[in-house]
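Welcome! Have a look at the sequence and the model below, then work through the exercises that follow.

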Amino acid sequence: MTSVAAYAAPAAKAPLERTTIERRPVGENDVRIEIAYAGICHSDIHQVNEGWGEAIFPMVPGHEIAGVVAEVGPGVTRYAVGDRVGVGCFVGSCRTCEFCRRGLEQYCTSGMIGTYNALDENGDPTYGGYSEQIVVDEAYVLRIPDALPLDAAAPLLCAGITTYSPLRYWGAGPGKRVAVVGMGGLGHMGVQLARAMGAEVTVLSQSLRKKDDGLRLGAGRYFATSDPETFTELAGAFDIVLSTVSAPLDMSAYLGLLKTDGVLANVGAPEEPVSVNLFALMGGRKKIAGSLIGGIAETQEMLDFCGEHGITAEIELIRADEVNTAYDRVASSDVRFRFVIDTATI
Ligand code: NAP
Ligand code: ZN
Ligand code: ZN
């Protein structure tokens with residue numbers, strides 16, 4: 001075992017503090033990664049707060065990991081020391097179920113093994129990216145294109161793939177109108193990705209505060225959802241509404257923005273259930289669909305797509321001891337657009 005420094009929440013809702021964790025020795029198919037950067041996803045905050053249910057503590061969050069390979073096991077074939085790599089939301093799955101075989105490991109019937117707040121095959125807790133190093137089976141490691149800086153690429157491992165996957169699945173592309181709801185970490189990736197896929201993009205944000213950024217990142221239009229007029233003006237306007245909002249929303253109101261046969265693709269993960277007026281679905285044969293991150297193959301496809309199109313997250317790089325302040329700012333929608341921890345400061 002190797003002792004490495006990390007930032008952990010010792011208990012639910014407690015501030016994160018510096019600590020030491022053990023990483024397993026590098027096994028046959030493992031890669032030891034020297035972590036350089038770790039993005040802060042709103043999911044980290046939901047889990048530290050036990051907003052999604054009982055969690056495992058101490059918790060070292062972080063599933064937007066970018067770094068460099070420092071050691072490889074004897075059976076590793078895809079990676080070598082010095083490679084620029086990433087790790088996303090999961091570090092294991094059964095590999096044999098229908099979904100694992102289809103490259104949809106995130107929907108593994110036995111449950112994927114989360115990068116943190118989970119138990120690994122041996123029943124030991126997993127610890128995430130707010131740490132100096134991580135040891136991961138190469139099957140769950142991604143390659144970060146040379147064209148992308150590691151710090152701004154880190155958020156692609158969750159915010160990038162979480163928006164890329166439903167946009168691809170629901171056919172965002174030329175001739176399609178996409179609305180992105182919530183201009184945060186996920187939302188600002190969704191805007192860039194949908195635009196690069198060729199869709200016409202509109203942002204629906206609580207206010208017009210981030211309008212300039214939204215237009216610069218590729219949106220053609222930008223509306224405030226605090227203005228009731230928005231819902232009248234945009235009625236029936238979209239093929240896809242991608243909601244990235246971390247709080248409960250009035251889904252029926254957003255369904256009104258869809259064309260017939262349109263889809264409200266939801267990736268936001270609020271802590272409370274939402275209710276829907278089913279008449280808002282029936283009228284135009286509309287759909288509400290969920291989507292969870294993306295599989296390994298699609299995550300690599302997304303990274304390569306971002307490499308080709310020069311897409312990264314807009315980040316605010318912070319020291320590890322600023323993490324609790326960053327959590328407060330994310331919780332109050334005060335981030336442009338992703339905090340990334342420089343793990344050298346742990
Ligand atoms: P974030 O950076 O905090 O962005 C969320 C955005 O939602 C905010 O910037 C804000 O946008 C909007 N918002 C927040 N509170 C709101 C409210 N009360 N009413 C209306 N809009 C509100 O968070 P994130 O990291 O992008 O994550 C967003 C959500 O997706 C979280 O719940 C997270 O857990 C979830 N998530 C899901 C997956 C998945 O696989 N499905 C993956 C990652 C994250 P404006 O300021 O523009 O209004
Ligand atoms: Zn995430
Ligand atoms: Zn499986």
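**Exercise 1. How far is a polar side-chain atom of Ser 205 from an oxygen atom of ligand 1?**

Step 1. Pick the polar side-chain atom of Ser 205 and go to the ligand 1 oxygen: the gap is 2.5 Å. This is a polar contact, a pair of N or O atoms within 3.5 Å; within protein, one must be able to donate a hydrogen and the other to accept it, and residues adjacent in sequence count only if both atoms are side-chain atoms.

Step 2. Taken alone, ligand 1 exposes 910 Å², and the protein buries 90% of that. Such accessible areas come from the Shrake-Rupley method with a 1.4 Å probe, and for residues only the protein chains shown count as cover.

Step 3. Now try the backbone of Met 183, where a polar atom is 2.7 Å from an oxygen of ligand 1. In the side chain of His 46, an N or O atom is 2.8 Å from a ligand 1 oxygen.

A note before going on: this is a predicted model, in which local features need pLDDT of at least 70 and side-chain atom pairs count only at pLDDT 80 or more, while totals for chains, interfaces and linings use all residues. Residues are numbered from 1 along each chain as its sequence is written, chains are lettered from A and ligands numbered from 1 in the order in which they are written, and side-chain values use heavy atoms, with hydrogens and water left out.

**Exercise 2. How many residues surround ligand 1, and which are the closest?**

Step 1. Count residues with a heavy atom within 4 Å of the ligand: there are 29, and the closest are His 42, Met 183, Ser 205, Lys 210 and Arg 338.

Step 2. Sort this shell by class: 13 nonpolar, 14 polar and 2 charged residues. Here Ala, Val, Leu, Ile, Met, Phe, Trp, Tyr, Cys and Pro count as nonpolar, Asp, Glu, Lys and Arg as charged, and the others, Gly among them, as polar.

Step 3. Helix 1 gives the largest share of the shell, 3 residues. Helices (H or I, at least four residues) and strands (E, at least two) are DSSP runs numbered from the N terminus.

**Exercise 3. Why does ligand 1 lie between domain 1 and domain 2?**

Step 1. Find domain 1 (2-158 + 294-345) and domain 2 (160-290), with bounds from an automatic or database domain assignment.

Step 2. Both domains give residues to the shell around ligand 1, so the ligand lies between them.

**Exercise 4. Is Gln 133 buried or exposed?**

Step 1. Locate Gln 133 in strand 8 (residues 133-137).

Step 2. Its relative accessible area is 11%, so Gln 133 is buried. Buried means under 20%, exposed over 50%, and partly exposed in between (1.4 Å probe, protein chains only).

Step 3. Follow the side chain of Gln 133 to that of Arg 32, with which it makes a polar contact (3.3 Å).
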